[in-house]
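I am opening a notebook page on this structure. The entries below follow the order in which I looked things up.

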Amino acid sequence: MCGRYTLTIPPEAMRAIFNFENIPNLQPRFNIAPTQSIVTIRYLGNEKRVLLAARWGLIPSWAKDSRAASRMINARAETLLDKPSFKEAFGKRRCLIPADGFYEWKGRAGQKQPFYFRRRDHEPFCFAGLFDHWGSPDGSEIESATILTTSANDFMKPVHHRMPVIIQPKDYDRWMDPKIQRSDAVADLLHAPPEDFFIREPVTPLVNNVRNEAPECIMPTVEPPEPPAQMGFGF
């Protein structure tokens, strides 16, 4: 899965990379957590890329309330067409979710070591995302989004069996194009990135607390040794 990530690159530099029109006032984020505000890149009617805010956790347009958001921060790429919550968005509302790293944890409950995954060159990349628009009974409106995941590649497997789907720059336009509504026209993009796309580093447990939002969250640390195997004796 993907449950925390970072986006620290300045908006001007991000605009130069992703070629969106607006330049919002974004602050560095070192510990983005579910239900918080995130940024998405998508096309508007004029087919120009824009950067728009959304709540992390998809709320389907037909939902009766917003409680679904906390359960829909990720969508499994293998079952998108089987889930009413994601099927329509997969056909019509695909987006990019920019990041420059994400966290995953390894170990047993209470003893989990956080790892930070990023590119070796520190450049940003994009998760495959879906978005939706929800109107509440009181008239308020919420834009929301989810990150697609797939089976982990061999590099990721020692830490977790799932990982986010990464859209490569050559495929940005095809992924976001709202005129492409056939699932088989983009299904080939729903796979794990190459084995050498990311590097990983054990980091400080500061990231475990969503209130910690500082550069120290990605500070490398020493991975603790594996606990010794329990010896059993039979008689």
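I placed Thr35 in the loop between β2 and β3 (37-43). Its phi is positive, at about 75°, although Thr35 is not a glycine. I note here that the model is predicted.

I then looked up Asn19, another residue other than glycine with a positive phi, in this case near 60°. Asn19 is found in the loop between α1 (11-18) and β2. Is Asn19 exposed or buried? Asn19 counts as exposed, because its relative accessibility is 55% and the cut-off for exposed is over 50%.

Strand β1 (residues 5-7) and strand β7 (residues 101-106) run antiparallel and are paired over two bridges. Thr6 is the residue that stands opposite Gly101 in β7.

**Nonpolar cores**

How many residues does the largest nonpolar core have? I found 56, and those with the most contacts inside this core are Tyr5, Phe102, Phe127, Leu148 and Trp175. Strand β9 gives the most to this core, with six residues. Another core lies apart from it and has seven residues, including Phe30, Trp105, Tyr116 and Val207. In soluble globular proteins, nonpolar side chains tend to be buried together.

I followed up Leu148 and listed what it touches, leaving out residues up to four places away in sequence. Among its contacts are Ala75, Leu80, Leu130, Met163, Val165, Trp175 and Leu190. Leu148 also touches Ala128, Gly129 and Pro164.

**Helix α2**

My last entry is on helix α2 (residues 84-92). Which of its residues are buried? I noted Ser85, Phe86, Ala89, Phe90 and Gly91 as buried in α2. What covers these buried residues includes the strands β5 (74-76), β6 (94-99), β9 (125-135) and β10 (141-151). Helix α3 (172-176) is also part of that cover.

Technical notes: Residues are numbered from 1 along each chain as its sequence is written. This is a predicted model: local features need pLDDT of at least 70, side-chain atom pairs count only at pLDDT 80 or more; totals for chains, interfaces and linings use all residues. Side-chain values use heavy atoms; hydrogens and water are left out. Buried means under 20% relative accessible area, exposed over 50%, partly exposed in between (1.4 Å probe, protein chains only). Helices (H or I, at least four residues) and strands (E, at least two) are DSSP runs, numbered from the N terminus. Contact means heavy atoms within 4.5 Å. A nonpolar core is a set of buried Ala, Val, Leu, Ile, Met, Phe, Trp, Tyr and Cys residues joined through side-chain atoms within 4.5 Å. Two strands pair if DSSP finds at least two bridges between them.
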